[in-house]
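Please look over the structure below before reading on.

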Amino acid sequence: SERAFDSAWSFSRATVGPDGVSYFKGAPEVMLDRAALADAARADWTRRAEAQAARGYRVLGLARGAGDREDGLHFLGLVMLWDPPRPEVAAAMASAQDAGIRVVMITGDHPTTARAAAERVGLRRTTVLAGGELDAMSAAELQRRVHDADVFARVSPDHKLRIVEALQAEGEIVAVTGDGVNDAPALKRADVGIAMGQRGSDVAREVADLVLTDDNFASIVAAVEEGRSIYENLQKFIRYTFSTNVALLLLLVCGMAVFYAYGLRDAAGMLVLPLTAQPHLWINFVGDGPPALALALARNPG
């Protein structure tokens, strides 16, 4: 028999062989709590796990037991997994934070591992909130605490959803990235859900608003920069065309008033105008068109 891993219990079990020996892997603190260890030995293994997590390793605890029993286990040891951040993440993180984007890390890893990873990629605030702390918070308290913490560790899908809702309740525009089924509720609830196209699950891609084809955090930063550039160019274009047309309108109205006051009329008796329709359109398309197009295509770094 087996018990699949779930963030609700943070371990998995496989019972094999004719004697029904069970093998476990999971969060070290969970495995140690279920192991038959003396207090001193448990404290020693906990210290070892914390030390490796502080170095940025993902730490798993291994244990075995008889039958389907899930407590009183024989603790086997620790496994350290090294999952380094991609080389471009640190530069992209710095660019995002310099642009005023607040980056929040939400992970199922151990709090110490999460803090080490956040420091490695350049997250400027590394105050950590763990899933157990979130369980004890009301919605109002969580809404206050999300301002102080930028790293959330040992979280469940429900925690991710609550964090997104707390940020939105504070008026934040929230974008969430994720690749697994457990990320789907947060991706769906976010203002912008961004799924990973390569390793993302079908569910994550289905509920997301955007799909990253290269699974690269730097691509998100580049997309934000491009979007801001387009928005700024639209504003420049509108301001320019509005101001030039207002100037032409004022010229036309004021000219009409002056010519009417002085009684300036042509041979047919029609009031003389400073600009007729054809020159007006000529100025708009030929005189104002190229500068407006240049503004629309301008680059706005940062």
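Predicted model: local features only at pLDDT ≥ 70, side-chain atom pairs only at ≥ 80, totals over all residues.

Residues are numbered from 1 along each chain as its sequence is written, and side-chain values use heavy atoms, with hydrogens and water left out.

Helices (H or I, at least four residues) and strands (E, at least two) are DSSP runs, numbered from the N terminus.

**Helix H10 with helix H12**

- H10 spans residues 217–262, and H12 spans residues 289–296.
- The two helices pack at an angle of about 160°, with their axes 8 Å apart. Axes are lines fitted to C-alpha atoms, for helices over the stretch in contact, and angles run from 0 to 180 degrees between N-to-C directions.
- H10 is therefore roughly antiparallel to H12. Angles over 145 degrees count as roughly antiparallel, under 35 as roughly parallel, 65 to 115 as roughly perpendicular and the rest as oblique.
- The crossing of H10 and H12 is right-handed. A crossing is right-handed if the near helix is turned clockwise from the far one by less than a right angle, and left-handed if anticlockwise.
- On the H10 side, the contact uses Asn 233, Lys 236, Phe 237, Tyr 240 and Thr 241. H12 brings Pro 291, Ala 292, Leu 295 and Ala 296. Contact means heavy atoms within 4.5 Å.
- These residues divide into six nonpolar, two polar and one charged. Ala, Val, Leu, Ile, Met, Phe, Trp, Tyr, Cys and Pro count as nonpolar, Asp, Glu, Lys and Arg as charged, and the others, Gly among them, as polar.

**Helix H3 with helix H10**

- H3 (residues 89–98) packs with H10 at an angle of about 30°, and their axes are 9 Å apart.
- That angle makes H3 roughly parallel to H10.
- H3 passes H10 in a left-handed crossing.
- Ala 92, Met 93, Ser 95 and Ala 96 of H3 meet Phe 217, Ala 218 and Val 221 of H10.
- By class, this contact has six nonpolar residues, one polar and no charged.

**Helix H2 with helix H4**

- H2 covers residues 39–54, and H4 covers residues 111–121.
- Their axes lie 7 Å apart, at an angle of about 20°.
- H2 is therefore roughly parallel to H4.
- The H2 and H4 crossing is right-handed.
- Glu 50, Ala 53 and Ala 54 of H2 touch Thr 112, Thr 113 and Ala 116 of H4.
- The H2 and H4 contact has three nonpolar, two polar and one charged residues.
- Ala 51 also sits in H2. At 38% relative accessibility, Ala 51 is partly exposed. Buried means under 20% relative accessible area, exposed over 50%, and partly exposed in between (1.4 Å probe, protein chains only).
- Ala 51 and Thr 112 are 61 residues apart in sequence, yet 8.6 Å apart in space, C-alpha to C-alpha.

**Charged residues that are buried**

- Asp 215 lies in the loop between strand E11 (210–212) and helix H10. Asp 215 counts as buried, at 5% relative accessibility.
- The Asp 215 side chain reaches two backbone nitrogens: that of Gly 197 at 2.9 Å and that of Arg 199 at 3.0 Å.
- Leaving aside neighbours within four places in sequence, Asp 215 is in contact with Arg 86, Met 196, Gly 197, Gln 198 and Arg 199.
- Lys 160 lies in helix H7, which spans residues 157–169. Lys 160 is buried, with a relative accessible area of 11%.
- Not counting residues up to four places away in sequence, Lys 160 touches Ile 106, Val 155, Asn 182, Asp 183 and Ala 186.

**Positive phi**

- Most residues other than glycine have a negative phi.
- Ser 10 has a positive phi, near 60°. Ser 10 is in the loop between strand E1 (2–3) and strand E2 (11–16). Ser 10 is buried, at 14% relative accessible area.
- Arg 154 also has a positive phi, near 50°. Arg 154 lies between strand E8 (151–153) and helix H7, in a loop. Arg 154 counts as partly exposed, at 22% relative accessibility.

Terms used:
Polar contact = N/O pair within 3.5 Å; in protein donor to acceptor, adjacent residues only side chain to side chain.
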